[in-house]
Amino acid sequence: MSNRLDSAATPLLTVDAVGKEFFGNRVLEEVNFSLYAGEILGLVGENGAGKSTLMNILFGMPVISQTGGYDGRILIEGEEVRFSSPFDAIDAGIGMVHQEFSLLPGFTATENILLNRESTKYNPLVEVFGDRIKTLDRRDMRRRADEAISILGFSIDPEALGAEMPVGHKQFTEIAREIDRKSTKLLVLDEPTAVLAESEAEILIKSLRGLAERGISMIFISHRLQEVIDLCDEIIILRDGRVVKETKPAETSIFQVASLMVGRNVEAVSTERRLMEETETILDVQNLWVDMPGETVRDVTFSVRKGEIFGVGGLAGQGKLGIANGIMGLFPAGGNVTVKGEPLRLNDPALSLSRDMAFVAEDRRGVGLLLDEPIDWNIAFTAMQVQDKFVRKILGGLIKWRDDAAMREVALDYINRLEIRCTGHRQRAVELSGGNQQKVCLAKAFVVGPEILFVSEPTRGIDIGAKRLVLDTIRQVNEDTGATVIVTSSELEELRSVCDRIAIVDSGRISGVRDASRPAEEFGVLMLGESPSLVPAAATIGGETF
Amino acid sequence: MTPPVKNDSAVHKFTGTENVKHFLISNSVPIIFIALSAIAIPISGFSAGYLIQEMLTRLARNSFLVLSLLIPIMAGMGLNFGMVLGAMAGQIGLIFVTDWAVVGIPGMVLAALISMPIAAFLGFICGSVLNKAKGREMVTSYILGFFINGIYQFVVLYTMGIRGLHIPITNPQLVLSRGFGIRNAINLTGIRRALDNALPLTHNFGHFTISIPLGTYVTIAAFCFFIVWFRRTKLGQDMRAIGQDMAVAGSAGIAVERTRVIAIVISTVLAAFGQIIFLQNIGTMNTYNSHEQTGMFSIAALLIGGATVSRASITNVFVGVTLFHMMFVVSPTAGKELIGQAQLGEYFRVFVSYGIIAVALVLHAWKRLQERERARRGLRGE
């Protein structure tokens with residue numbers, strides 16, 4: 001399949017020392033590889049490893065040029081290109097199959113495949129109104145759609161509406177769209193199998209191989225490592241914006257790839273672990289589903305012990321953020337949640353708060369803070385609303401006054417304890433830096449005095465120094481007050497440094513719960529949705545099974 | 001990697017009762033109005049012949065205006081309240097042909113030709129503004145209607161006349177006695193029923209005689225064919241694509257904003273023609289009022305026909321015009337027979353036309369919620 005041995009051939013695509021900086025933050029550095037006609041390149045890496053940025057550069061997305069362009073060169077068939085829009089990339093023969101489906105729900109498969117490339121027929125009105133008034137040639141459109149579908153080797157009903165297609169058919173329709181574009185030389189597939197059933201994924205892999213034999217090159221991005229190893233000719237592993245390894249499937253294994261992806265210096269993590277005694281269960285979740293856009297939870301069951309710090313990890317979009325949002329009533333949810341032995345009625349945020357639970361949301365600026373209000377109001381707000389704290393009752397509670405003195409006192413206390421950098425307790429929240437805003441959010445949750453505290457993405461978008469402090473604060477509250485903390489984070493190392501146990505969420509379900517002291521690779525494999533049996537050592541080290 | 005919530009619903013099979021319920025929910029508005037008519041018609045005591053004649057006249061009078069709303073809905077821009085811009089353009093055309101005393105079909109054609117560039121220009125302004133207000137097209141075009149109405153009044157009231165500033169209108173029957181400004185009531189004798197009677201057709205059924213405005217119906221039929229044909233053009237296909245998802249259409253290389261402007265321009269020009277057809281049937285024109293209710297009544301009629309802000313068909317137009325005007329004709333008399341007060345019926349008529357727009361918008365939101373709920377059932381695995 002590979003033309004690599006033919007040294008005379010020019011590579012279809014050459015990526016030469018490509019790098020990218022976002023506002024002084026380097027996300028991609030010195031990436032080099034080349035891809036020949038008919039070759040399939042597997043690109044793997046954690047979220048934030050730089051895959052998307054690399055593809056955005058390749059595809060000429062405006063976000064790249066708006067943030068100062070990129071370093072290095074990209075060559076197509078030996079010629080340097082610098083795309084200013086995705087349409088330039090399409091003209092150069094690059095096709096992209098997106099992670100999110102971009103099918104029109106009311107269009108048939110045929111119409112979707114030929115979107116904006118419809119076959120048309122002349123009519124006299126064209127002379128007056130121009131080409132767009134040409135009528136569609138339905139018969140020819142159908143012929144072209146059938147042709148593209150037959151190349152794929154998967155039967156889709158060409159007349160099925162986008163909205164009514166099964167997931168797999170949608171994915172094939174998307175790919176058929178790129179095949180119909182005769183100029184497509186390079187196909188970028190971003191997680192094409194993520195939503196497919198296993199049998200469908202197999203067919204997809206087979207038809208991709210067929211396409212490669214027709215001379216179409218591919219960049220295949222996937223978290224399903226088995227597929228990458230089965231399909232690709234070359235595998236590139238990205239970590240923190242660098243290529244950590246370029247290898248061939250025959251020379252590697254899933255375990256090696258997984259550990260290269262997540263593998264940081266494991267010793268650097270604080271290894272000081274507390275011995276959790278078997279305490280009672282404080283939160284029990286059975287068959288929870290949450291309809292949170294982009295973070296759908298499908299069927300999640302777990303329980304958390306009293307006094308524990310419980311981590312929830314997983315890749316973006318798999319549903320980990322949905323769990324806390326669902327239990328706190330912020331998104332439509334269902335299932336059985338038991339708090340301190342009593343069932344919790346879902347979909348009612350006030351009720352969830354009144355059951356001694358508090359939530360530090362991942363959306364700090366949207367949900368977490370009243371941006372235009374001062375620090376003391378922000379800190380006191382939830383407690384005031386839910387628990388009637390900071391309220392002076394007059395005439396036996398007929399009139400309620402805000403107790404400014406008490407608010408000031410508690411705000412100053414937390415500003416001091418959490419080292420919130422501000423000009424005073426009356427400074428508006430919007431003026432604070434990200435890390436200090438996060439501390440205000442935490443203080444707001446602490447004031448409620450929760451028995452169960454949900455903290456989502458506590459360190460997102462804040463600098464390293466502040467990160468450590470935020471994590472230490474969470475730990476300290478847990479130790480001082482005995483509150484149970486459930487931390488949701490995309491950063492595995494962060495979870496491993498603060499939690500007692502970690503649950504990994506994949507495709508809206510929990511793929512495993514492990515002690516935080518287990519090796520990072522084990523969590524990496526769980527995140528990628530591979531069967532745990534692929535982890536060689538894990539099964540024999542012993543420990544809890546769930 | 002977004003979990004495909006919607007897709008599961010496609011796999012989920014719905015039972016018979018669920019489908020019946022779904023049918024009733026999606027057609028709730030016309031069903032309510034058919035029921036209301038069924039109650040009101042016998043109470044009003046009108047003869048069948050009278051009602052049929054009224055409906056035939058009113059269908060001819062209003063259908064063209066309502067049909068002009070279809071194309072923006074197809075392009076996902078909702079109900080085009082901006083059609084009053086077209087109505088104003090049509091009225092300006094009529095003022096000129098009345099002044100020049102061009103009569104009959106040639107007068108109507110000339111009025112249409114004069115109104116076309118004005119409507120196209122206003123449509124372009126409207127479309128450009130709506131591109132700045134994506135997702136809030138309806139309220140924006142509604143308010144834009146008020147704004148352009150101000151300009152229309154300025155033009156007609158101050159710049160037209162014998163001693164007018166720029167635009168000469170010399171017929172003293174049109175101009176206010178002060179020498180400039182158009183009178184409020186204009187008699188359109190020259191073109192009254194010109195199109196309706198172009199192809200005269202009357203039929204005697206023994207008890208009653210029915211006259212059918214065939215010329216207008218032929219025009220409306222031609223318009224319907226145009227819409228059906230237009231849907232099959234590349235431009236129509238692009239509008240359907242944009243109507244479903246602007247981002248997807250844009251990423252496929254369709255010029256989204258330009259296409260949306262074209263949709264509004266077409267709608268506005270057709271509304272101008274529609275207003276000319278409407279007024280030739282009425283025979284008189286209220287310079288300062290005729291256009292004001294055009295948008296409201298056309299939209300109410302379309303919604304009563306079962307259309308939503310995102311989906312409307314030619315059938316919706318005819319069903320809607322018939323049901324809406326049925327209520328218009330029978331409810332005052334039914335009110336009088338029932339309570340002894342015609343005013344109550346009149347009140348009901350106004351209540352209905354404004355209320356139905358509110359109800360239809362609420363129902364639309366409620367239906368979307370129901371559909372999301374339906375989709376969510378797949379998620380729960382029920």
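The legends below describe close-up views of a predicted model. Residues are numbered from 1 along each chain as its sequence is written, with chains lettered from A and ligands numbered from 1 in the order in which they are written.

View 1. Helices (H or I, at least four residues) and strands (E, at least two) are DSSP runs, numbered from the N terminus. Five of the five residues of strand 21 (residues 452–456) of chain A are buried, so this strand is largely enclosed by the rest of the structure; a residue is buried if 20 or more other C-beta atoms lie within 10 Å of its own, exposed if 12 or fewer, and partly exposed in between, with C-beta atoms placed from the backbone. A:Ile452, A:Phe454 and A:Ser456 point one way, while A:Leu453 and A:Val455 point the other way. Two strands pair if DSSP finds at least two bridges between them. Strand 18 (residues 357–360) of chain A runs parallel to strand 21 of chain A and is joined to it by four bridges, with A:Ala358 opposite A:Leu453. Strand 22 (residues 484–488) of chain A also pairs with strand 21 of chain A in the parallel sense, over five bridges, and A:Val455 has A:Val487 as its bridge partner there.

**View 2. Strand 13 of chain A between two antiparallel neighbours.** Strand 13 (residues 281–290) of chain A pairs antiparallel with strand 14 (residues 297–305) of chain A over six bridges, one pair of bridge partners being A:Thr281 and A:Arg305. These two strands form a hairpin with six residues between them, and A:Gly294 in the turn has a positive phi of about 85°. Six bridges also join strand 13 of chain A to strand 16 (residues 333–339) of chain A in the antiparallel sense, where A:Leu283 is partnered by A:Val339.

**View 3. Helix 8 of chain B and its surroundings.** The 23 residues of helix 8 (residues 137–159) of chain B should span 33 Å at 1.5 Å a residue, in agreement with the 31 Å between its end C-alpha atoms; the expected span is 1.5 Å times one less than the number of residues. Its buried residues, including B:Leu144, B:Tyr152 and B:Val156, pack against helix 6 (83–100), helix 7 (104–131), strand 1 (160–161) and helix 13 (292–304) of chain B, contact requiring C-beta atoms, placed from the backbone, within 7 Å. Just after helix 8 of chain B, B:Gly161 takes a positive phi of about 155°.

Technical notes
This is a predicted model: local features need pLDDT of at least 70, side-chain atom pairs count only at pLDDT 80 or more; totals for chains, interfaces and linings use all residues. Two residues are in contact if their C-beta atoms, placed from the backbone, lie within 7 Å.
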